[in-house]
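Visitor: Could you take me through one part of this model up close? I'd like to look at the pocket, and then at whatever else around it deserves a stop.

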Amino acid sequence: MFDTALNANDLIFLAKGAGMTLIVTAISVFFGTVLGIVFGVFRYQVGPWWAAPLTFVLDVFRSIPLLIQLVLANAFVTTVLGIRISGFTVACGVLSLYTAAYCAEIVRGGIESVPLTLRRAARSLGLSWRQDMTNIVMPLATRVALPSWIGLALGVMKDSALVYIVQVVELLKSTQILITRLQEPLFLLMVCGAFYFLISFPIARFGGYLEKRWSHD
């Protein structure tokens, strides 16, 4: 019969790690989405030439592995700048910029999906640029961008497992601590995977519900 040394306190410890994963993800996705909207709209409005410097910076964040970004950011802030800052703050900052880099492309693609003739019609009726963006472009672009944004949010949740490198005890780090103590790697990784599923599945289903509902509106 299968036997394990895992007890209720260990499950609570894993649940706290899952809670930290959710907190880091929520903060990163929120600020990353806000920045991504700003960057995406800016890139669309000014065109590829004027937005080239911003595009280059965003490409850097998309091209360099997140683990390297976390290590370099932590070393730069603590060693080069000499600022005492928590690993949690570094993790949220890097993940926010990482999210913004991808979200900017999602936003730009969503805006470009809105027919130009529809926008011209809106402007010909006397709508300002702000009214055009808020009442015409963003509602239509959101429907197109939502599936990609949900995928990005779930990807950030999984990528948050790398923040252990800056001493943030999230779900995977909590699992590694228990593996070291209990010496049950396969079982504990299965439990860790179950936790990830439990916190990811509702988000994916809610995104699917919104997508289906908006497609009929």
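This is a predicted model: local features need pLDDT of at least 70, side-chain atom pairs count only at pLDDT 80 or more; totals for chains, interfaces and linings use all residues.

**The pocket and its surroundings**

Guide: Q183 is exposed, at 59% relative accessible area (exposed is over 50%, buried under 20%, partly exposed in between, with a 1.4 Å probe and protein chains only). Residues are numbered from 1 along each chain as its sequence is written, and side-chain values use heavy atoms, with hydrogens and water left out.

Now the pocket. The largest pocket has a volume of about 220 Å³. A pocket here is an open set of points on a 1 Å grid over the protein atoms alone, where a 1.4 Å probe fits, with protein on both sides within 12 Å along at least five of seven lines; lining residues have an atom within 4 Å of a point. The volume is the space filled by probe spheres set on the points, which are joined across faces, edges and corners. Its lining includes T33, I37, C103, I106, M138, T142 and W149. Two or more lining residues come from each of α1 (8–50), α4 (87–112) and α6, and α6 gives the most, with 6 residues. Helices are DSSP runs of H or I, at least four residues long, numbered from the N terminus.

Q167 has a positive phi of about 65 degrees, though it is not a glycine, and it counts as exposed at 66% relative accessibility. Q183, in the loop between α7 and α8 (185–215), also isn't a glycine and has a positive phi of about 60 degrees.

Step into α8 and there's S200, buried with a relative accessible area of 15%. Leaving aside neighbours within four places in sequence, S200 is in contact with L154 and M157 (contact means heavy atoms within 4.5 Å).

Last stop, the surface. F56, V57, V60, I64, I68 and L72 form a nonpolar patch with about 510 Å² of accessible area together. α2 (52–63) and α3 (66–80) each supply at least two of its residues, and the largest share, 3 residues, comes from α2. V60 sits in α2 and is partly exposed, at 32% relative accessible area. Patch members have over 30% relative accessible area and no salt bridge; like charges are joined within 9 Å, nonpolar side chains (Val, Leu, Ile, Met, Phe, Trp, Tyr) within 5 Å. A salt bridge is a side-chain nitrogen of Lys or Arg within 4 Å of a carboxyl oxygen of Asp or Glu, and accessible areas come from the Shrake-Rupley method with a 1.4 Å probe.
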